[in-house]
Structure formats: structure tokens, C-alpha cells
Amino acid sequence: MKTLLFFGSISFLIFLSGCKDHEIPKPVNEEELITTLELKFTEAVEGGEIIVFTWKDIDGSFSTPPAIDNITLKAHTIYKLELNLLDESTTPAGNVAEEIEEESEDHQFFFQSNGLELSFQYDDVDTEGKPLGLSNTVFIEHASTGTLTVILRHQPDKSASGVSDGDVTNAGGETDIEATFPVTIIE
Amino acid sequence: MLQIAFRGICSLLLITWSLTVHPQGCREVLQGLVEDNEGEILVGATIWIASMQKGTSSDSNGRFILTGICPGSYDIVVKYVGFEDQRMFVRIPNNRSLIVKLRPSTSILHDIVIEGNHSEKHSLSQSLSILSDEQLVATKGKPIGEMLQQIPGVQSIMTGAAIFKPVIHGLYGQRIMMLNNGLRQEGQQWGIEHAPEIDTYIASEIEVIKGSEAVRYGSDALGGVIIVNAQPLHYLTSIGSDLNTAFSSNNRLGAFSGMLEGGFSSKPNWGWRIQGTIKKGGDYHAPNYNLSNTGMEEFDISTTLGFKKEKKELEVFASSYNTTIGILRSAHTGNLSDLQESITSRRPWYVQDFTYDIGNPRQEIGHHLLKVSAKFGLKNNGSIKLMYGGQYNRRKEYDVRRGNQNVPSLSFDLITQTLDLSFDHEKDFWTGSVGINGTLKNNYNERTTGLLPDYTHYNIGIFLVEKIRKNKWLFEGGIRLDRQYLAVYLLDKAVFLRPEFTFYYPAMSLGSSFYLNSNSRISSNLGITNRPPHVSELYSRGLHHSAASIEQGLMARDGELQIDPSDILKERSYQWVSTFQHNKKNFSLELTGYVNYFRNFIFLAPAATQLTIRGYFPVFQYRQTNALLSGVDLFLSCDLTQHFTYSTKFALVHAEDREDGNKLPFIPPAQLDNTLAYKKEAIGKWKNLVVSFTSQIGFKQTRAPETIYPEDVPSDLQNKIFDFMPAPETFFLHKVEVGSKLPLDNRDLTVTFAVENIFNEAYRNYMNRLRYYADEAGRNFSLRINYTFHSHQ
């Protein structure tokens, strides 16, 4: 019986002493988060106009709905298009575009337009000479309205048919970004 | 299953079995004579060693012999019609012949130990199944969830080929409890891709109670209990050892497990054991492609120290389980469009050559456990038991990500301490137990507040369970009351919230068994259990890549976190389980039927879609409804000739949402297994040769939720329950197994060879969460060798 009491009190003490305190949780900091996609269009002429449109979803998968800009571009114009990706959930904001550039062979952007008269050309390449898509040229034709979807694939098969020409169909991999903007092309 | 039914009742068969099948390292013999107080011999008395689950009966001369006993100390019970049970404490090896004298009883009539005295402390009117040592030897090295599928009514939810989460009668996760050497296993059970963290090589036997044991263990045992038991310590100075190896061709897995045990020459009451396992497997292979990134590795070690002296027992058990499991690379998807692509293409988008390397996504799990238990015998066969358990569960999940692949996206530390005290009493035909359980749990997120928040959980429960055996009847009943305090630490839009809850939840059960004759019994058990929601069901919030979905708890409605406790409804189950058992030497039958009605049944169902920068995701929300789960399990075995045995098992679960007629997700489809076995007692030096052929039919789930392909998911789901893909078609699998044992002087060698999925069938399984992405594994050859050794002094 003595043994029981001894053993009982020992285990009770261990039981009581058994935890560290909880701290106030730190903000959600998902390493993978991309909150903001910026499209910077620069008119490809001397002193051309620079316009920036953003697609922003500040809390990732949760409550706040994304803020999406309407893109307005001029017809019969050639633009340089540069993409920037940010993680604005942290201070200072993380530069995701840099990370993508570091792992360029594992990433590729694709541009899909719907109802628009325009075409794209990749201006940059990854370490293996395959397209990446952070810098591009856009050739705008006639006035039209529609949507533009920017897709970023992680680990796509860049050698698959059509992928190097910007066709996402056979790319595989997984989607890091699939953001759709409404677009108006004016005369 | 065959053994389960046989073991308790059919003494003759037991003798046959025990002559040919020795548990590991156990070659000792116990013999004796049973007589009454006037010296008249008693024929057909039952002699039972509960801790070994081994028994026999006295022959026409009143003599009995039990072989294949492990050295050690045992409580032995001798029972006979019209006599009082006689209990003895015997040390093995024992050279003397025991003489057992029984005193006549006026009250107790024939009481066949049909339940085999298994789990005397558990409910005896419940449906109980046991995986014996022999069945375990043939599957060792496999995940515990896969081993348990041998039991009718027990299935698994799989995540790929290596993660098996047990499902009993359609219930899993927070509703199923696991006892690891008597201690409640406390891990992150809520996760559907979280398998039990137990080294199966520890087990000498696994018991499964297919029904509520909530009265004994609390609401987590609502759907059933899985009990993993190690061999009792043998307390001898001689050394015993047990070595196991297993090889599988499909994933080129090699497993090795060793155990060493003994005592101390100067301290005869002490015993020790040390055991360890290493496993390494590479990618599994489906018939048409490699399942890339499905490798695994595991390293476990455990040690036991025990003290045993007549009425006192003390045991310290410590174990460490460590594993890394790769998750199919192609199952990591970006959004609904990616999921659609995976479903429509016949081949996973990521297939590489075989490798042992494990990349992301992967899980890294550690489970470290310390158990100290003590038992003190009292007068009148009563006893006091005290058990302390400390557990540290560490789970890290790594996603595919940019940059450093060694930063986990989820990292939980769960520290649990439990203290259990119980008083067991036994007098004539009346046994019972009263006890108190205390639990203290803390969950910590290491870096982020992802998916499951930090929480503190205190629980205290008191219970009373009583059993009466009289004539051909057994009655039992129990009640329990729990109080749980829960504090959750949340951050909602940069605001710190700390909701607190106190739950009171009672449970009760009533059961009865009726022994029709010495071979048959009918049991029935009724249980009412209340279960408060788990933290994950209340507050989980986050993105699950392998299902391309966002999960939200009951308290995270429409993106807002609720903290008012009055919003919570407890889940309540009304459960009725009935079993008919008939066991004869040549024929045995077990039929179980159950009805489980739930009020406020908690489940995860699709609720809406949400636009993110990655595209659209479905939002899965925990919901409550009134649900009805019912079903049957059947096992039947008969000897066709002296050498051939045919057996069949069948399980069917029917689930429905009683509120809106929806079909519930993750309900196992019907399954039918037929086995033809050829047994021969000896071929040359080889003993107990068994060759069996099993054919399994995994039926299509005809009651799967309706199909909505990812590309068609509407933005407003209107409480519809759906699945992204139709239920897979019925599949047929075939397996051949050959096993035999070579007994040597003080050693035993057991060899089992098996071929699974003989015809290399390409199929998908409804219960596999990765069925959207890839086929199941193909043909597999496996070889298992077990070598036991015991040195005599």
C-alpha cells in the first residue's frame, strides 16, 4: 500500500507539472503564399506610358474576397509586360518573383485570353533556355473586351508539345497562380 | 478471425492448435490434474491462461496438458460446471504436475468461456475480434491499418499505399480509440491522412472491439477500440529472442525487427525486454506506372521493465516511433482545374523512375511514449490498478514549395498525459470495475497557426462497470460521466481570441449474453454516448493540397470565427450491436448486426467554392446532421475434408443522412473474401504447412455521394454532398499465401511467402483518398521470416 501511495503521488506530480504555457499565436505565415500579382504594361515606344494592374488576395484562402483591377489597354499597340509577385501578408512584403527567377526551370507562366484580339511573346528564358514568362511582349490588335488569365505552373513539363509556345494544355505540374482579369481594349 | 472464434470454446481444437502452433519463443509445457474436493477426477474442466489467451480442457482421466507456453508467471483459471472457479499463480517452467482441486458451487451453472476470457475488463457482450499471433506473423511489416482489414467490419481509409486509417463499422478518427500496451494512444487522430503511430512488431496480439466502449474509455471509444498487446514479460534469467524480417517486391521494402528479453539472476521478480524495428521502402508500383514519391522509412525502439510478485505488479514501458512517409507527388494539386486534369488523365502527371528517396509532399512523425503501470491484488480477487502515461506526438507535414524543402507547412507538437486509477472487484458470479481517468493535453503549432490551432484540454471522467454471470446469462451495465475543459488559442484577422468551453458528457451501456449451449451464444449491447466536438471539428481552417480543398470547422462559419459555446451541439450516438457466435471443431459462424443512430453527427462536407490567386477551391465545412449507420459482418468457416478448410467473410455498411437524404462520404463499400486453405500437420521436418488462396471482391460503392467534376463545381453548393469523381468499379483481387514452421531444438523458424494481387489488376479503391490521381499498387511478392530463440538454463 505504501508503494501505491508513493507511486501515486509521484505520478500525480508529473501529471501536474506537465506543460509549457501557450504563447499568443503568431500571424499565419504560410511560406507558399502569393498575395499579389502585378502586371506592369509599358508601351514599347520611347517614353511610353506605364500602367500597372493588380490581382490581390491578401489573406490567401480565407474570408476577404480578392481585389481585381480592370485592365484597359490601347488597340494597335505593342506593350512590354513584366510580372511581379508579392507576398504582402508579411512586413516587409516578400518578393516571390525573385524566388521564381531563382528556380526558373521549375516555373512557367501562361497567358490565356478570351474574347480579346492580342498575342503574347516570351522575352525571357530559364537556365535551360526554355521560356519563363516574367518578361513578355504583348501585341494588341483591335478593340475588344474579354478576360485575361495568367497561369503560373510549378514543375511543368516544358518539353511537352506546345508548352514552349505558351500552350498550357500539356504542361502538367501544379498551379501556383490562376488569376483572371477583365480586360477592355479601346481604340 | 478463425482463431478468435475457436480459441475460447473448442478445447479439442485448441489442443490440436497448441500442439502445432507455438507462439514466439514459447516451448514450455504445463500439465496437471483436475479433481473435486473429494478426489474425484473432473473431465472437461477448462484451464485458461488469460494473459496468453491459451486454454485447454481436462481429458477423460482428468489430466490436461498445455504446450507452447512462454516462460513466465501466469494467473491460471480453472472452471468447471457447478464448481467455483479456481485461480492460481504459476511460474513457468514448472516441472511439477499441478493438482487442481475445485469446490462445488451452488449458484454457478455451466459457464462456457466462449469469449475466451479475452479482455475480461472490456465489455463481454460486444462484438470482439482478435488477430492472433499466427495471423500477425503472416502480415508483419505492414501498417497496422492494413493488418486490421483481416477482420470483417474493419476497413481503412487510405492515403496512397502506405497510410491506413482504421474504420470500424463506418466510423474512424475521433470516434475510434487505440490502446497501445494498455495506454490510450494520443496523436493527431483527427486527420484523415494520419495513420496510427504504432510499431506493429510490438504486438503479439491485436484485439478489436466493434462497438462502443465509451463507458470505459470515454467518447473517443464511441465507434470501437483497437487494442495492441505485447507479449507479457517472462521474468526468467534465460534470454529469449525474436527476430523478424520482411521483404516486399512491389516497393522493394525491407523490414527488420528484433526483440530480446530476460530477467536478472539476483532479482527473480524482475523482467526486461528491449525491442526495435527498422523499415525502409521505396516507391510503390501500380501495374502501369510508378507511384512516385511513395517511399517510407521507419525506426522504432521500445523497452519494458517489469516487477511481479504474487499480488504486486509494476511495469515501465517506453517507446519511440519515428517515421517519414512520402505522399504521391502527383496528388499535390494547385486548384480545381488541376484536380480536373488529374481525374481526366489516366496517368498521374508526375511519374519518375523508382527511387528510395522521399521528397515533398511528405510526413515526418515521431511518437514517444512512457507508461508506468502498477497493479495491486486485494483479497477476494480484487485489484487496484494505476497507470500513468506521458506521450509526445510530433507531426510535420511538408508540402511542395519554392525554396527550402525542409520547412514544414504544418508542424504540431501534442503533449498528452493521462492518469488512470481503477478498482476491480470480483466475487462469485459478480465482477466489476470503478475508476477515474484524467487527461491533460496541449497542442502547439511550432511556427504557424495552420489548420489546427493551439489548445489546452483537461478531461476527467469517472466510470462504473458491473457484470453478472448467472446460469446461461451474462448481464452487464456501465455508466460514465466526463467533464472536459477546452481553451483554444486563435488569431482571427490579427485579433487574438481565446474561447473557452466546458463540456459535460455522460455515457451509458447495457449488454447481455445468452449461452444457447456450449458452442453458441447470442450477445447484444446497447450504448448511448455523448461526444463533444474535437478542436479540429470546431476550429480547423486551412488548405489541404492533396484534396485541393479548404477545410473549415463548425465554429468557422462564412469566414467568421464563432466563440460562443452555446453554438456547439454535442454529438450523441444510440448504438445497438448484436452478435451470434457458433463454434464447433469443423464449423464456425459469427454474425454481427448493428444500428447506430447519431444526433448531430459531425462530418466534413463541401459547402462553397472560394476564389484565390491559385484559382478556385471548394470549401469543406464541418457540419452536423442526424445520421443512421447500420450494417452486418459475417464470418463463416468450415472444414471440407481433413485438409481443406473453406472460409468466407463479408461486411456491409449502410449510411444515410436522415435530415436531407444525402449520402455520407467515406463509407466503406461492401466487401467479400473467400478463402480456401490446405493444411497439413507435417511435411518432413516442416510443421503446420498452410497453403491458402483468397479471392476478394471489393464492391462498387453504390451509395456514393453524387458526382460533380471539379470543372462543374457550382459557386453555390446548396448543402449538396458530392464527390469529384464517380465511385470506382467493383474489383477482384487474388492472393496466395504459403506458410510453415521449422521447429528446432530451442528455436523456431517460421516462413511465410505470399503473392498479393496475383493478376496485377489495375484498379482504384473508393476508400483511397488518392484515387483521383492514381491506381492502387500492383502485384506484390512478399517473404516473411520469423526466428525465435530461447536458451534454457
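**Entry 1: terms and ground rules**

I take buried to mean under 20% relative accessible area, exposed over 50%, and partly exposed in between, with a 1.4 Å probe and protein chains only. The model is predicted, so I note that local features need pLDDT of at least 70, side-chain atom pairs count only at pLDDT 80 or more, and totals for chains, interfaces and linings use all residues. Residues are numbered from 1 along each chain as its sequence is written, chains are lettered from A and ligands numbered from 1 in the order in which they are written, and side-chain values use heavy atoms, with hydrogens and water left out.

**Entry 2: a pair between chains**

I searched the whole structure for salt bridges (a side-chain nitrogen of Lys or Arg within 4 Å of a carboxyl oxygen of Asp or Glu). I looked up R614(B) and found it in a salt bridge with D176(A), where the closest N and O atoms are 3.8 Å apart. This pair crosses between chains: R614(B) sits in the loop between β36 (587-612) and β37 (615-639) of chain B, and D176(A) in strand β11 (residues 174-186) of chain A. Strands here are DSSP runs (E, at least two residues), numbered from the N terminus. R614(B) counts as buried at 9% relative accessibility, and D176(A) is buried at 3%.

**Entry 3: pairs within chain B**

I then checked E186(B), which meets K441(B) in a salt bridge at 3.1 Å, N to O. E186(B) is in the loop between β12 (183-184) and β13 (203-209), and K441(B) is in strand β25 (residues 430-445), so the pair ties together parts that are 255 residues apart in sequence. Both residues are buried.

The side chains of D775(B) and R764(B) also form a salt bridge, at 2.8 Å, N to O. Each lies in the loop between β44 (747-756) and β45 (780-790) of chain B, so this pair links parts eleven residues apart in sequence. D775(B) and R764(B) are buried.

I also noted one network, in which salt bridges that share partners join R175(B), R531(B), E537(B) and E571(B).

**Entry 4: a nonpolar patch**

For patches I used residues with over 30% relative accessible area and no salt bridge, joining like charges within 9 Å and nonpolar side chains (Val, Leu, Ile, Met, Phe, Trp, Tyr) within 5 Å. Accessible areas come from the Shrake-Rupley method with a 1.4 Å probe; for residues, only the protein chains shown count as cover. I found a nonpolar surface patch of about 640 Å², with F256(B), L260(B) and F299(B) among its residues. Strands β16 (253-264), β17 (267-281) and β20 (296-309) of chain B each give two or more residues to the patch. F256(B) lies in β16 and is partly exposed, at 38% relative accessible area.

Definitions and conventions
Helix = DSSP H or I, 4+ residues; strand = E, 2+ residues; numbered from the N terminus.
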